Amino acid sequence: MSLKEKAIKGLAWNTIGSVGTGLCNLAITIILARLLTPSDFGLLALLVVFTVLSETLIESGFSQALIQDKKTTSDDLNTVFFTNICIATLLYFVLFLSAPLIAGFYENESLINLSRFVFLVLIFNALSLIQKTIFSKNINFKATAASSLAAVTLSGVVAIGLALTGFGVWALATHLVLNAFFQMVFLWFQSQWRPSGSIRVKSLNKYIPFSAPLLAQGFVDKFVTNLESLLIGKFYTVSDLGFFSQSRNLNSYFMQTISGVVQRVTYPVLVKNNNDSSKLKESYRQVIGTTMLVMIPLAFGIMATAENIVLVLFGAKWLQTAEYLQYFVIMGLFVSLHSYYTNIFLVLGKTGKFLQLSLIKQFLKVAIVAYLVNESVMALVMGVAAVG
């Protein structure tokens with residue numbers, strides 16, 4: 001099969017996986033949003049901040065380094081796998097012991113046991129990272145699509161059952177943890193790769209120059225992206241954070257799904273053409289042009305009908321989400337454009353330049369968040385949307 005045929009097939013399966021998983025997630029969220037309260041969603045959002053930051057440290061940029069490397073060895077895969085597991089285990093125990101401090105920071109004792117359960121996601125995601133990377137490197141998204149769809153469906157059914165029987169925020173937490181667990185199981189079942197050997201210093205030295213800037217960039221990016229959630233959870237109500245996080249999630253379903261599909265498929269494909277500048281430029285023109293042709297009309301459509309979307313999906317108690325969603329859609333459009341342009345530095349292996357551009361953007365975002373945090377949640381959303 002030619003590279004073009006692989007790319008087309010990969011795009012098709014990635015679209016099925018991303019759109020299908022997104023629709024399943026949306027359907028489950030709609031049901032849970034009608035059964036639970038904004039404060040339940042806000043409570044979980046407080047903890048997701050810590051899992052997102054921790055997963056950045058676990059991944060450490062190694063998966064992109066493996067995809068970029070055209071001569072990956074068995075030692076390389078084993079080294080990355082065991083390194084990720086070690087980091088994930090260490091972080092889990094640090095967060096486990098820090099649970100009382102997290103609960104104290106937010107003045108909510110119920111977060112102690114809840115956080116220790118939610119943080120299990122780190123272990124499950126670390127165990128499936130190599131499988132995801134291998135499938136992505138081979139432009140084989142059928143396995144990941146099937147795993148994602150099955151995992152979100154099974155975990156969603158369990159979560160809905162718990163919500164119906166009065167478990168509240170624990171239903172949301174169970175959905176998060178079981179989704180990671182089931183996805184890990186299904187990926188291992190479909191993958192022929194199994195770990196063997198141990199960590200090799202040679203392999204670490206091979207990938208650290210590429211991955212270190214990505215680790216720094218990824219951690220800073222995730223920290224700044226979730227800084228609003230941390231501050232809203234501290235200075236405003238948990239319900240406010242629930243509205244905020246739900247609007248961000250809706251934007252992710254509608255806008256970031258398309259962007260993510262294209263970026264995941266095109267990255268390994270473009271890496272294979274990174275020695276031919278003319279082909280690389282032409283490929284990027286096609287990617288950006290086609291994506292914007294879809295995303296721009298979608299963005300304006302969502303902005304015009306945001307209130308109706310929220311009322312139909314979640315009900316009147318979630319109406320405040322619509323105001324935030326309109327600004328997040330604008331931000332999603334520019335974030336997608338930015339990610340496509342900066343992705344060229346990853347394709348060419350220039351992660352240092354990628355880090356520099358990201359740090360400039362994040363510095364501006366931190367300054368705006370710090371300035372607006374005491375104004376209102378809406379002012380914060382508008383400021384974040386302005387930076388993109």
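**Surface and fold**

Guide: The accessible surface of the protein comes to about 17300 Å², and 67% of that belongs to carbon and sulfur atoms (Shrake-Rupley method, 1.4 Å probe). This is a predicted model, where local features need pLDDT of at least 70, side-chain atom pairs count only at pLDDT 80 or more, and totals for chains, interfaces and linings use all residues. Residues are numbered from 1 along each chain as its sequence is written, and side-chain values use heavy atoms, with hydrogens and water left out.

Visitor: How many helices and strands does the protein have?

Guide: 16 helices and zero strands, taken as DSSP runs (H or I, at least four residues, for helices; E, at least two, for strands).

Visitor: What angle do α2 and α5 pack at?

Guide: About 45°, with the axes of α2 (residues 38–59) and α5 (residues 111–118) 10 Å apart. The axes are lines fitted to C-alpha atoms over the stretch in contact, and angles run from 0 to 180 degrees between N-to-C directions.

Visitor: Which residues of α2 and α5 meet?

Guide: From α2, Leu 43, Leu 44, Leu 46, Leu 47 and Thr 51; from α5, Leu 111, Leu 114, Ser 115 and Val 118. Contact means heavy atoms within 4.5 Å.

Visitor: New topic: is Ser 247 buried or exposed?

Guide: Buried, at a relative accessible area of 0% (buried is under 20%, exposed over 50%, partly exposed in between; 1.4 Å probe, protein chains only). Ser 247 sits in helix α11 (residues 238–271).

Visitor: What does Ser 247 touch?

Guide: Thr 321, Tyr 324, Leu 325 and Phe 328, not counting residues up to four places away in sequence.
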